[in-house]
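The text then moves on to the core and the helices.

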Amino acid sequence: MTVEYIRYRIADPDRRRAFEKAYAAAVEHLYAAPQCLGYELARGVEEPERYILRIEWTSVEDHEQGFRRGPHFAPFLAEIRPYLPDIEEMKHYERTLVVDKSRS
């Protein structure tokens, strides 16, 4: 498994509301994709213009070759396309052994 983090910065409060609404619709396509194991969109508390989208993929290859070339990518991208310029970082990460195993 790999984890993708996408950091957004959206200054305008009206655009932030629209952004959250767009992602609420877009995640339907993540949910339907077999390569996606889970996702979460978080908003900054101290800096509400900052967002982090966390997506768990079966692998980097499954994300880039499977999801992006599959039937769920185009409708997902259509929902969030207006916010692509707001991306500050989009990277894949792998987990380390430093994990809290006592909580689920």
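Tyr 93 is partly exposed, with a relative accessible area of 37%; partly exposed lies between buried, under 20%, and exposed, over 50% (1.4 Å probe, protein chains only). Tyr 5 is also partly exposed, at 28%. The model is predicted: local features need pLDDT of at least 70 and side-chain atom pairs pLDDT 80 or more, whereas totals for chains, interfaces and linings use all residues. Residues are numbered from 1 along each chain as its sequence is written, and side-chain values use heavy atoms, without hydrogens and water.

A search of the whole structure finds ten aromatic pairs, meaning rings of Phe, Tyr and Trp (its six-membered ring) with centres within 6.5 Å. In one of them, Tyr 5 and Tyr 93 sit edge-to-face (planes over 60 degrees apart), with 5.4 Å centre to centre and 75° between the planes. Tyr 5 belongs to strand E1 and Tyr 93 to strand E4 (residues 87–93), 88 residues apart; strands are DSSP runs of at least two residues, helices (H or I) of at least four, numbered from the N terminus.

The largest nonpolar core has 20 residues. Such a core is a set of buried Ala, Val, Leu, Ile, Met, Phe, Trp, Tyr and Cys residues joined through side-chain atoms within 4.5 Å. Those touching the most other members include Tyr 23, Leu 30 and Phe 76. H1 gives the largest share, six residues.

The axes of H1 and H3 come within 8 Å and cross at roughly 170°, which makes H1 roughly antiparallel to H3 (over 145 degrees). Axes are lines fitted to C-alpha atoms over the stretch in contact, with angles from 0 to 180 degrees between N-to-C directions; contact means heavy atoms within 4.5 Å.

Technical notes
Parallel < 35°, antiparallel > 145°, perpendicular 65-115°, else oblique. Phe/Tyr/Trp six-rings, centres within 6.5 Å; stacked < 30°, edge-to-face > 60°.
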